[in-house]
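Keep the viewer open as you read.

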Amino acid sequence: MAFGPTVPAALQPYLPIAVIAALDAVFGGVRAKLDRIFDDKQFVISFISNVLVAGVIVYLGDQLGVGGQLSTGVVVVLGVRIFGNVAAIRRHLFRA
């Protein structure tokens, strides 16, 4: 990375989930823009809430001793949403 950001050690387990949640919000925003229903306020709220909820789920999983399983569940759910949004974007752009 150009700036060499550092993440505190306590937050490092949550970074991958936060990135996936943020990508879900970004692809959802792109899809909404292409569908002409994009709302910037809704995008910001979706972005922040996705990251926070995903982080809280993984944190609770860590506290309960099932962090790996809940992390996998979050990745699967968000992955399905991301691929759904990418498919909609592809259909919109390429009509395929």
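The side chains of Asn85 and Arg31 make a polar contact at 3.2 Å; the term stands for a pair of N or O atoms within 3.5 Å, where within protein one must be able to donate a hydrogen and the other to accept it, and residues adjacent in sequence count only if both atoms are side-chain atoms. Before going further, note that this is a predicted model, in which local features need pLDDT of at least 70 and side-chain atom pairs count only at pLDDT 80 or more, while totals for chains, interfaces and linings use all residues. Residues are numbered from 1 along each chain as its sequence is written, and side-chain values use heavy atoms, with hydrogens and water left out.

Asn85 sits in helix α3; helices here are DSSP runs of H or I with at least four residues, strands are runs of E with at least two, and both are numbered from the N terminus. Is Asn85 buried or exposed? Its relative accessible area is 10%, so Asn85 is buried, given that buried means under 20%, exposed over 50% and partly exposed in between, with a 1.4 Å probe and protein chains only. Setting aside residues up to four places away in sequence, Asn85 touches Asp24, Phe27, Gly28 and Arg31, where contact means heavy atoms within 4.5 Å.

Asp24 leads us on to another asparagine. The side chain of Asn50 makes a polar contact with that of Asp24, at 3.0 Å. Asn50 belongs to helix α2 and counts as buried because its relative accessibility is 17%. Beyond its neighbours within four places in sequence, Asn50 is in contact with Ala21, Asp24, Ala25 and Arg81.

Next comes the empty space. Rolling a probe the size of a water molecule over the atoms shows where such space is left. A pocket is found on a 1 Å grid over the protein atoms alone, as an open set of points where a 1.4 Å probe fits, with protein on both sides within 12 Å along at least five of seven lines; its lining residues have an atom within 4 Å of a point. The largest pocket has a volume of about 220 Å³, that is, the space filled by probe spheres set on the points, which are joined across faces, edges and corners. Its lining numbers 14 residues, and Gly28, Gly29, Ala32, Gln42 and Ser46 lie nearest the centre. Which helix gives the largest share of this lining? That is α1, with 5 residues, though α1 (15–34), α2 (40–64) and α3 (67–94) each supply at least two.

Between α1 and α2 there is a loop, and Arg36 lies in it. Most residues other than glycine have a negative phi. Arg36 has a positive phi of about 60 degrees, although it is not a glycine. Arg36 counts as exposed because its relative accessibility is 77%.

Finally, zoom out. The chain has 3 helices and 0 strands, in the pattern α-α-α along the sequence. Its C-alpha trace spans about 45 × 30 × 25 Å along the principal axes. Of the 96 residues, 23% are buried. Among contacts with a separation of 6 or more, 72% come from residues 24 or more positions apart.
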